[in-house]
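User: I have not looked at this one before. Can you walk me through how the helices pack?
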Amino acid sequence: MSERTSVSVVLIAGVLAAVSLGKFSPFLDEVRDGFGLSLTAAGWLTSSITVMAAAAATTVGRWSGAERSRPVLGWGLVAIGLSGLFTSVLAEVAWQLYALRLVEAVGYVAIMVAGPSLLVQVKDHGVRKWALALWGMCIPAGLATAAAVGGLLSDAGWRVWLMAPALASLLLGLLVPWTVAPWSAGSPADDDSAQVSPPGRSGGAVWLLASGFALVTMVGLAVVTMLPVFLSTEKGLSQGRAGALTSVVAASSILGSVAAGYLLQRGVRSVSLFVSALSMPLLGAGVFLAPAWSASFVAAALLMVVNGIVVAAVFSALPAVSGVAGAARAAGTVTQVGSLGTLLGPPVFGAAQELIGWWAAVPLVMAVALAGVVALSTAIRRSAPATSEV
């Protein structure tokens, strides 16, 4: 099998995992009514996958290692597929819904850890850079897919909708052994980026990379979360229009991932892309201080493009920071710390808005983005002795 086939399957797996993350959103009111859930309980139904990632991703990464990445990816897809099928057919009471969601969360974490580990093993230097950069677009692409396809199937109901990604995940999971190249120990990549960093440097660099990733994604998710409320309450847009504009803003992150892949393949260093996060404070000011809703929308979309660029650069830096053998553990650390950022971002920014006002988001974005750039740049400096690629 070709490396491009392996990469395609891994990326599709990442998108399906993200679809699983957002699949209840288009039908949240219907599910609430059907199971008698409060708004808070329904929120936990959506975010419980992220909670699992925040709690266990590093442990999964340590257990799987590079050599187990392929079966872990397959098992993760099968877990998501079976959970979705059982939910659509069997779930009748709330505890069943949450129990099956827990199984799905395990599958989600497995895919988020195994995916980057497999992509790091790609031996073609150019393909690997593209693949790792595009991994960063899996979550926004999956969430956008869930919103779009779920909307199209709204008349069929949430149970019918859940069967679609479940069947796709189950099928792909069963095909993983024949479509994804196995781990090949002792086969070096075509450059030094896949070599293991010095023992004293690698661990600290990974945690710094993960911390920077969490800070940047905190900004992106907080802006996307707050934007529909801001547009409806401050700019007078209807909730439906504000929601539609926000979905476009969220999807803008995909453009950033594609742009980063193009730049990285042409020799631009990851650390240069990290610096683009310094534009986030200015763009944040454009979002919350602009006089017209259209200017706020454009600024938010550009901020998410930058978010996509930085996220792509983080994953492209994994082989330089951790090496192939440590990629699974590093991916787990990045996923876990990043999930903590996504959990904390909306409540932190929301609390600042309630206490001070919308303008409080501007200095908060500045502080968080600056700290993120410092952490990411320091991670690269620590790994620099092992490779010149980053």
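Analyst: One term to begin with: contact means heavy atoms within 4.5 Å. This is a predicted model, in which local features need pLDDT of at least 70 and side-chain atom pairs count only at pLDDT 80 or more, while totals for chains, interfaces and linings use all residues. Residues are numbered from 1 along each chain as its sequence is written, and side-chain values use heavy atoms, with hydrogens and water left out.

User: Ok. Leaving aside neighbours within four places in sequence, what is Ile111 in contact with?
Analyst: Ile111 is in contact with Ala13, Gly14, Ala17, Leu73, Gly76, Leu77, Ile80, Pro116 and Trp135, leaving aside its neighbours within four places in sequence.

User: Which residues touch the most other members of the largest nonpolar core?
Analyst: They are Leu73, Ile111, Trp135, Leu209, Phe274 and Met280, in a core of 99 residues. A nonpolar core is a set of buried Ala, Val, Leu, Ile, Met, Phe, Trp, Tyr and Cys residues joined through side-chain atoms within 4.5 Å. Buried means under 20% relative accessible area, exposed means over 50%, and partly exposed lies in between (1.4 Å probe, protein chains only).

User: Which helix gives the most to this core?
Analyst: Helix H9, residues 199–233, gives the most, with 16 residues. Helices here are DSSP runs (H or I, at least four residues), numbered from the N terminus. There is also a second, separate core of 14 residues, which includes Leu45, Leu97, Leu100 and Trp158.

User: Switching to Ser257. Buried or exposed?
Analyst: Ser257 counts as buried because its relative accessibility is 0%. Ser257 sits in helix H10, residues 239–265. Beyond the neighbours within four places in sequence, its contacts are Ala133, Leu134, Gly136, Met137, Gly308, Ile309 and Ala312.

User: At what angle do H6 and H10 pack?
Analyst: Helix H6 (residues 125–135) packs with H10 at an angle of about 155°, and their axes are 8 Å apart. H6 is therefore roughly antiparallel to H10. Axes are lines fitted to C-alpha atoms, for helices over the stretch in contact, and angles run from 0 to 180 degrees between N-to-C directions. Angles under 35 degrees count as roughly parallel, over 145 as roughly antiparallel, 65 to 115 as roughly perpendicular, and the rest as oblique.

User: Which residues make that contact between H6 and H10?
Analyst: H6 brings Gly126, Lys129, Trp130, Ala133 and Leu134, and H10 brings Ser257, Val258, Ala260, Gly261, Tyr262, Leu264 and Gln265. The residues of this contact between H6 and H10 divide into seven nonpolar, four polar and one charged. For those classes, Ala, Val, Leu, Ile, Met, Phe, Trp, Tyr, Cys and Pro count as nonpolar, Asp, Glu, Lys and Arg as charged, and the others, Gly among them, as polar.

User: How many of the residues of H6 are buried?
Analyst: Nine of the 11 residues of H6 are buried. Among them are Val127, Arg128, Lys129 and Trp135. The buried residues of H6 pack against helix H1 (3–22), H5, helix H7 (138–152), H10, H13 and helix H14 (318–322).

User: And H10 with H13, at what angle do those axes cross?
Analyst: The axes of H10 and helix H13 (residues 293–316) cross at roughly 40° and come within 6 Å. H10 is therefore oblique to H13. Ser257 is one of the H10 residues in this contact, and Gly308, Ile309 and Ala312 are among those of H13. By class, the contact of H10 with H13 has 15 nonpolar, seven polar and one charged residues.

User: Now H4 and H8. How is H4 placed relative to H8, parallel or antiparallel?
Analyst: The axes of H4 and helix H8 (residues 158–179) come within 7 Å and cross at roughly 155°. That makes H4 roughly antiparallel to H8. Their contact divides into 17 nonpolar, seven polar and two charged residues.

User: Where does Thr87 lie?
Analyst: Thr87 lies in helix H4, residues 69–90. Thr87 is buried, with a relative accessible area of 2%. Leaving aside neighbours within four places in sequence, Thr87 is in contact with Phe24, Leu97, Leu100, Trp158, Arg159 and Leu162.

User: Last one: Leu282, buried or exposed?
Analyst: Leu282 counts as exposed, at 65% relative accessibility. Leu282 is in helix H12, residues 280–289. Leu282 and Val365 are 83 residues apart in sequence and 9.0 Å apart in space, C-alpha to C-alpha.

Conventions. Helix = DSSP H or I, 4+ residues; strand = E, 2+ residues; numbered from the N terminus.
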